[in-house]
Every structure is written in structure tokens, then in C-alpha cells.
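Got the structure open beside you? Here's a friendly walk through it, from the overall outline down to a few charged side chains.

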Amino acid sequence: MALDRKDLAILAELTTNARASHTELANKVGLSSTALARRQKALEDDGYIQAYQAALDLNQFGLTTTVLVRIALESQSDEALKAFEAEVVKCPSVVRCFLMSGTDDYILIVLARDIQDFERIHRTELSRLPRVARVQSSFALREIVNRAVPTVVFGEAKR
């Protein structure tokens, strides 16, 4: 399915308010509610929209500390990568994990209550991951940008 300006406008609106009704979305993008519903369903069916989720204020849950954890494995063999990946998905404090190019094999995003909580996470979750040679952690001081989707995706539709 090739996306047109209306599809991009629908996606742009949904990234800012996924709970918008078909009527609200239709008014914002200049379609009838029926046409909007049909296009949104097609975007879902074609995989452009994978899920809808609430953006939570994690501070309300006491998760005030974001830690970027760089991990180097002792080997980059297929077995080492698979073993690490199979275990890191089980770590409840890890919210994102990226396989990297360069000197670090993985970067993890970990949420913690504070530095002491991160120490617990390091001891009970991260230090138990297989084949790890080095762990380096950096604490985020303040979040500046948090976008689910870069606005460049929507091109002219968002302007």
C-alpha cells in the first residue's frame, strides 16, 4: 500500500493522540468518518500501525532514573549473541535493547527508582547475563526529546 498525504496525516495525528475518535480524526485530516475508519483499518492491516499504547508518566511509578548501559560480550559468536539476547529479554528493568555496531555490542535502556535501585538491578539482572565482558553505565540527567516517531516520517502532512 502506497501512503498518500491523508494516510500520513492520519498517522501523524494518531502518534499524538491514539485515543482520538474517528470523528475527531476525520475532522482533522479532512475525511468523512467512514473514509477515515476504512483508511485506519487498512493502515492496521498493512502493518503501518502495529499497536496502540498509553504513554505513562513513569515518575508516577517511582521510575525516575534512566540508565544507558553499554555491554561488550566476550565473543561475538552467534552462540554468544543468541545466549545474551535470550536472557536480556527476561530482565524486567530493561525497556529497550539494541544490537550495536562499533565497540559496544549492545546498548540497553534501563529504568530504575534511583541509584540504589540501579545497583540492585545491576547485581540481580545485568551481572547475571551470559558472556558479558564489560558493562558501562551512564545516567541520564534530563530527557530532552522523547518521540515515538521522528516527525520527518510524515513529511508535509504534519506542517
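What follows is a short tour under a handful of headings.

## Before we start

This is a predicted model, so a local feature needs pLDDT of at least 70 and side-chain atom pairs count only at pLDDT 80 or more, while totals for chains, interfaces and linings use all residues. Residues are numbered from 1 along each chain as its sequence is written, and side-chain values use heavy atoms, with hydrogens and water left out.

## The overall outline

The protein has five helices and four strands. Both are DSSP runs numbered from the N terminus: helices are H or I with at least four residues, strands are E with at least two.

Along its principal axes, the C-alpha atoms of the protein fill a box of roughly 55 × 35 × 25 Å. The radius of gyration is 20 Å, whereas a compact globule of 159 residues would come in near 15 Å. That radius is taken over C-alpha atoms, and the globule rule is 2.2 Å times the number of residues to the power 0.38. Of the 159 residues, 30% are buried. Here buried means under 20% relative accessible area, exposed means over 50%, and partly exposed is in between (1.4 Å probe, protein chains only). Now take the contacts (heavy atoms within 4.5 Å) between residues at least 6 apart in sequence: 66% of them join residues at least 24 apart.

In soluble globular proteins, nonpolar side chains tend to be buried together. A nonpolar core is a set of buried Ala, Val, Leu, Ile, Met, Phe, Trp, Tyr and Cys residues joined through side-chain atoms within 4.5 Å. The largest one here has 18 residues, and the members that touch the most others are Val-69, Ile-71, Phe-84, Leu-108, Val-110 and Leu-126. Strand E1 (65-73), helix H4 (78-88), strand E3 (106-112) and helix H5 (115-124) are the elements giving two or more residues to this core. Apart from it lies another core, with 15 residues, including Ile-10, Ala-12, Leu-31 and Ile-49.

Which residues does Leu-108 contact, once its neighbours within four places in sequence are left aside? The list is Val-67, Leu-68, Val-69, Ile-71, Phe-84, Val-88, Val-94, Arg-96, Cys-97 and Leu-126.

## Salt bridges that span the chain

Side chains of opposite charge can pair when their charged atoms come close. The structure holds twelve salt bridges, each a side-chain nitrogen of Lys or Arg within 4 Å of a carboxyl oxygen of Asp or Glu. One of them joins Glu-74 and Arg-131, at 2.6 Å from N to O. That pair links distant parts of the chain, 57 residues apart: Glu-74 is in the loop between E1 and H4, and Arg-131 is in the loop between H5 and strand E4 (132-139). Glu-74 is exposed at 52% relative accessibility, while Arg-131 is partly exposed at 26%. Arg-131 also has a positive phi of about 65 degrees, although it is not a glycine. For background, most residues other than glycine have a negative phi.

Arg-134 and Asp-104 make another salt bridge, with their closest N and O atoms 3.1 Å apart. This pair also links distant parts of the chain, with Arg-134 in strand E4 and Asp-104 in the loop between E2 and E3, 30 residues apart. Arg-134 is partly exposed at 30%, but Asp-104 is buried at 11%.

## Two buried aspartates

Asp-117 sits in helix H5 and is buried, at 12% relative accessible area. Its side chain reaches the backbone nitrogen of Arg-113 at 2.9 Å, which falls under polar contacts (N or O atoms within 3.5 Å; within protein, one must be able to donate a hydrogen and the other to accept it, and residues adjacent in sequence count only if both atoms are side-chain atoms). Asp-117 also forms a salt bridge with Arg-120, at 2.8 Å from N to O. The two are about one helical turn apart, because three residues separate their places in helix H5. Arg-120 is partly exposed, at 34%.

Asp-105 lies in the loop between strand E2 (94-99) and E3. Beyond four places in sequence, Asp-105 is in contact with Ile-71, Ala-72, Leu-73, Gln-76, Phe-98, Leu-99 and Met-100.
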